[in-house]
Amino acid sequence: MTNNIVIGGGISGLSFAYFTKKPYILFERSNEPGGLCKSIKEDGFTFDYSGHFIHIKDPAVKNLLEKLIDQKLLTVKRNAAIYIKKSFVPFPFQANLYYLPEKEKQDCIDGIKKRKNIKIYNDMPFIDWANAMFGAGITKHFMAPYNEKLWNCDLKKLTAAWTAPFVPKPDADSILKYAYEKNENDYGYNSSFYYPAENGCGHIINGFYKQLKNSIIKNADVSEIDYKNKTVFTNGSYFRYDKLISTQPLPELVKMLKNAPDAVIKTASKLKWTSVRCINIGIKYKKEIPANIKGRHWIYMPEKQFPFYRVGVYSNANPKLAPKNCYGLYVEFSGKDNVFLNCSDTIKYLKKAGMIGDGDEILTANIVDMPYAYVIFDQNRQKAVDTITDFLNSNGIYTLGRYARWEYSFIEKNITDAKKLAERPEFK
Ligand SMILES: Cc1cc2nc3c(=O)[nH]c(=O)nc-3n(C[C@H](O)[C@H](O)[C@H](O)COP(=O)(O)OP(=O)(O)OC[C@H]3O[C@@H](n4cnc5c(N)ncnc54)[C@H](O)[C@@H]3O)c2cc1C
């Protein structure tokens, strides 16, 4: 009997391997599994590929992860804020105008009162959506500058199709109410999150890997797929498959297909995405953790004076991620062709923002580049994904995960999608 083949040992590929009842081989190009969910241990610090906090709705997923790591997950109540004009506005910005300086607050209040009543639809331009939902002031002070940095594209070309689970939408009355009084309500899909009690997000990966290692081949970079003969090539050998499950980014998968139809190649060439650089820094404080980051898990940085879009503090989510009297930071830059900053320039900006204290000692720093980070939701995306996926499926190739399905997904969805695929009739 021919095996199924899985390309990629990130959370998606590992989850599929865990759930499938059919024999399979999994090829992972790296020397360790995990993809973007890996952790890095350095000088007593544990870093992830920027904040990888786990948001779970389905109790079965939580049970599975706890079973795999043989440990309860920590539950952490989110403490996130937006840094603007030296003030910290709790996330979500639009439900916490109370914390803004007076001028910016008034702009936001005026904007929500003067909002035009226009029809809102899923794939309208993001900038129009933001103005229609939240008014000109909130758009000017947060929605536009932050999302320009994050998506690194024209906000008229980005659609609002990705916003549904990620951007809380308080109604106009609540937005106004909480311009005048503090808001104690929880908002959003991540008002609290889960995280392993030790070893970072990668602990989850280790949990999967322990169960699956006999079927995983590391350092195996799949370089070509002959879909007509159902064969993959890796490290100079070829392997026949019955079904192929690919978790690698969709444009890379198409490039790898031997003699792919021109229409598929052309469609894939239109897909757009951003890359992210994460700089991880381990620091020993002189007196105490800087007040600007104390207790905070992540901070959105919309202002142009800072080149990064977000700063996070791993050790505030789990103190075990840093040695005693130390804190571990991550800093995220987004771009495609942009030049990202190096560690020492990033540190200068963090000092300017009061996020590294005077006299604090840098113990370690590293750079993690993620060539595929956020899929850009433009008008072309859904049609292109459907065209390519239909072609792949009709040739026994199935896509799975954030980059193969070309979507804005996260760990829980990657796991549940893998389970659903493994349970489809063709995999029984
Ligand atoms: C900046 C950032 C922050 C995030 N934060 C969170 C968060 O807080 N919470 C959350 O739930 N999610 C978060 N995510 C999303 C999360 O990282 C993804 O949903 C998840 O890692 C996707 O896993 P995957 O297995 O689909 O893909 P990947 O992690 O990309 O894994 C794909 C694997 O395939 C391998 N591979 C690729 N090509 C080949 C080939 N040709 N041959 C062999 N192997 C190959 C790669 O080496 C890799 O190991 C974040 C993502 C980013 C970019």
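## A first look at this fold

Five strands, in the order β9-β2-β1-β13-β19, make up an open sheet with parallel pairing. The strands β9 (216-217) and β19 (397-399) stand at the edges with a single partner strand each, so one side of each has no neighbour in the sheet. Please keep in mind that this is a predicted model.

**Strands and their partners**

- Within the open sheet, β1 and β2 are among the strands listed side by side. Strand β1 (residues 4-7) runs parallel to strand β2 (residues 24-27), and four bridges join them.
- To find this pairing in the structure, look for Ile-5, whose bridge partner in β2 is Ile-25.
- For an antiparallel example, go to strand β3 (residues 39-42) and strand β4 (residues 45-48), which are joined by four bridges.
- In this pair, Lys-41 stands opposite Thr-46 of β4.
- β3 and β4 form a hairpin that has two residues between the strands. Asp-43 sits in the turn and has a positive phi of about 50°.

**The protein as a whole**

- The protein has twelve helices and 19 strands.
- Its radius of gyration is 22 Å, close to the 22 Å that the globule rule gives for 428 residues, so the protein is as compact as a globular protein of that length.
- Taken along the principal axes, the box filled by the C-alpha atoms is roughly 70 × 55 × 40 Å.
- Of the 428 residues, 46% count as buried.
- Consider the contacts between residues at least 6 apart in sequence: 73% of them join residues at least 24 apart.

**Two domains**

- The protein is divided into domain 1 (4-31 + 218-271 + 377-427) and domain 2 (80-180).
- The C-alpha centres of domain 1 and domain 2 are 36 Å apart.
- Four residues from domain 1 and six residues from domain 2 take part in the contact.
- On the side of domain 1 that touches domain 2, two residues are nonpolar, one is polar and one is charged.

**Around the ligand**

- The ligand is surrounded by 36 residues, and the closest are Gly-8, Gly-10, Gly-35, Gly-401 and Phe-410.
- Two or more residues of the shell come from each of α1 (11-19), β18 (361-375) and α12 (411-422). With three residues, α1 gives the most to this shell.
- Sorted by class, the shell holds 15 nonpolar, 16 polar and five charged residues.

- You can find Asn-318 in the loop between α9 (314-317) and β17 (326-335).
- Asn-318 has 19 other C-beta atoms within 10 Å. A residue needs 20 or more to be buried and 12 or fewer to be exposed, so Asn-318 counts as partly exposed.
- Apart from its neighbours within four places in sequence, Asn-318 is in contact with Leu-74 and Tyr-195.
- Asn-318 and Leu-392 are 74 residues apart along the chain, and their C-alpha atoms are separated by 42 Å.

Note on methods. Residues are numbered from 1 along each chain as its sequence is written. This is a predicted model: local features need pLDDT of at least 70, side-chain atom pairs count only at pLDDT 80 or more; totals for chains, interfaces and linings use all residues. A residue is near a molecule or strand if its C-beta atom, placed from the backbone, lies within 6 Å of it. Ala, Val, Leu, Ile, Met, Phe, Trp, Tyr, Cys and Pro count as nonpolar, Asp, Glu, Lys and Arg as charged, and the others, Gly among them, as polar. Domain bounds come from an automatic or database domain assignment. Two residues are in contact if their C-beta atoms, placed from the backbone, lie within 7 Å. The radius of gyration is taken over C-alpha atoms; the globule rule is 2.2 Å times the number of residues to the power 0.38. Two strands pair if DSSP finds at least two bridges between them.
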